[in-house]
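Welcome! Have a look at the sequence and the 3D view, and then we can go through some helices and aromatic rings together.

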Amino acid sequence: AASSSPTLMMGVAFVGIFVVMGLVLWNIPPISSVEGGDKFVWRPTKVEDFQRDRELMLLYRDKHATSLFLAMCVLYVIAQTFCVPGSGTTLNLLSGSLCAEYIPYGEYLIALPYAVLCATAGAFGAYSLSYLTARDLIQKKFPSRVTWLRQRMGEMEPTSRLLWFLSLRLAPLCPAWFLNVAAPLTPLPLWMFIVATIVGCTPSSLLLVKTGATISSMRPGEDVLKNNAGSLLGLLAVAAVVFAIPFFVGKRLQQTEQEMEL
């Protein structure tokens with residue numbers, strides 16, 4: 001009974017949160033409530049689609065600012081909880097585009113915290129869903145990967161475990177959705193999962209919201225390299241940092257393990 005109590009509490013909280021989010025989505029005004037809203041493209045693949053969506057979202061933001069923010073938060077968390085491919089990328093780009101001109105440095109002050117917190121909440125949702133209902137399914141579907149992850153973490157000290165999971169978050173070696181659903185089957189504590197998720201998703205979120213802000217400032221026919229050189233160089237610098245961090249974390253982890261063996 002004692003062991004089932006935390007599971008029951010997590011399940012009740014999980015269901016309650018999704019009921020609240022469902023009510024939020026049910027009550028928000030549709031995008032068609034603004035002029036031209038019926039032309040909104042939900043999965044933009046071209047710059048023109050992105051620009052048109054941005055203009056419609058700006059109109060919607062001016063008319064329904066609170067509803068827009070709540071809806072984007074709810075969509076982000078639900079999509080990440082159920083591992084919808086590309087959802088985080090699309091919403092990060094959109095948030096960077098919408099917030100860049102809302103206030104000075106809005107992509108950093110609004111869009112980045114939004115992206116990091118929603119990605120973390122969505123990762124926790126996927127973790128909870130796996131923990132409550134899908135642990136056996138995940139083990140059966142990915143037996144070798146889960147076993148490798150569990151055994152690798154079981155051999156580590158807590159600090160090394162956190163650093164190693166963080167390096168997996170940063171490096172494109174394991175899909176983020178797999179780490180979210182497999183983590184409940186490992187010795188990784190929940191607080192380490194959350195910390196590693198917050199830190200690990202920040203660089204890529206920064207890169208995407210900055211990309212969205214840069215795209216939103218572009219106009220058809222302009223010289224991209226000439227008029228956006230500073231922004232593009234900034235994006236390259238952020239990308240370099242994103243790809244360099246896993247290397248340094250891995251080196252540090254290797255040094256720690258060598259010191260433990262001595």
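## Around helix α3

Just after α3, Cys83 takes a positive phi of about 55 degrees. This is a predicted model, in which local features need pLDDT of at least 70 and side-chain atom pairs count only at pLDDT 80 or more, while totals for chains, interfaces and linings use all residues. Residues are numbered from 1 along each chain as its sequence is written, and side-chain values use heavy atoms, leaving out hydrogens and water.

Helices here are DSSP runs of H or I with at least four residues, numbered from the N terminus. The expected span of a helix is 1.5 Å times one less than its number of residues. For the 17 residues of α3 that gives 24 Å, which agrees with its end C-alpha atoms being 24 Å apart.

## How α2 meets α3

Two packed helices are described by the angle between their axes and the distance between the axes. Helix α2 (residues 47-63) packs on helix α3 (residues 65-81) at about 120 degrees, with the axes 5 Å apart. Axes are lines fitted to C-alpha atoms over the stretch in contact, and angles run from 0 to 180 degrees between N-to-C directions.

Which residues make the contact? From α2 come Met57, Tyr60, Arg61 and Lys63, and from α3 come Ala65, Ser67 and Leu68, where contact means heavy atoms within 4.5 Å.

## The covered helix α4

Helix α4 is mostly covered, with 11 of its 13 residues buried. Leu91, Leu94 and Cys99 are among them. The buried residues of α4 pack against α2, α3, α5 (106-141) and α9 (190-217).

## Aromatic rings

How many aromatic pairs does a search of the whole structure find? There are 8, counting rings of Phe, Tyr and Trp (its six-membered ring) with centres within 6.5 Å. The rings of Trp148 and Trp164 have centres 5.3 Å apart and planes at 70 degrees, so this pair is edge-to-face (planes over 60 degrees apart). Trp148 sits in helix α6 (residues 143-154) and Trp164 in helix α7 (residues 158-170), 16 residues apart.

Trp164 is buried at 8% relative accessibility, whereas Trp148, at 41%, is partly exposed (between 20% and 50%). Elsewhere, Phe69, Tyr76 and Tyr114 form one aromatic cluster.

Definitions and conventions. Helix = DSSP H or I, 4+ residues; strand = E, 2+ residues; numbered from the N terminus. Buried < 20%, exposed > 50% of the residue type's maximum accessible area, 1.4 Å probe, protein only. Phe/Tyr/Trp six-rings, centres within 6.5 Å; stacked < 30°, edge-to-face > 60°.
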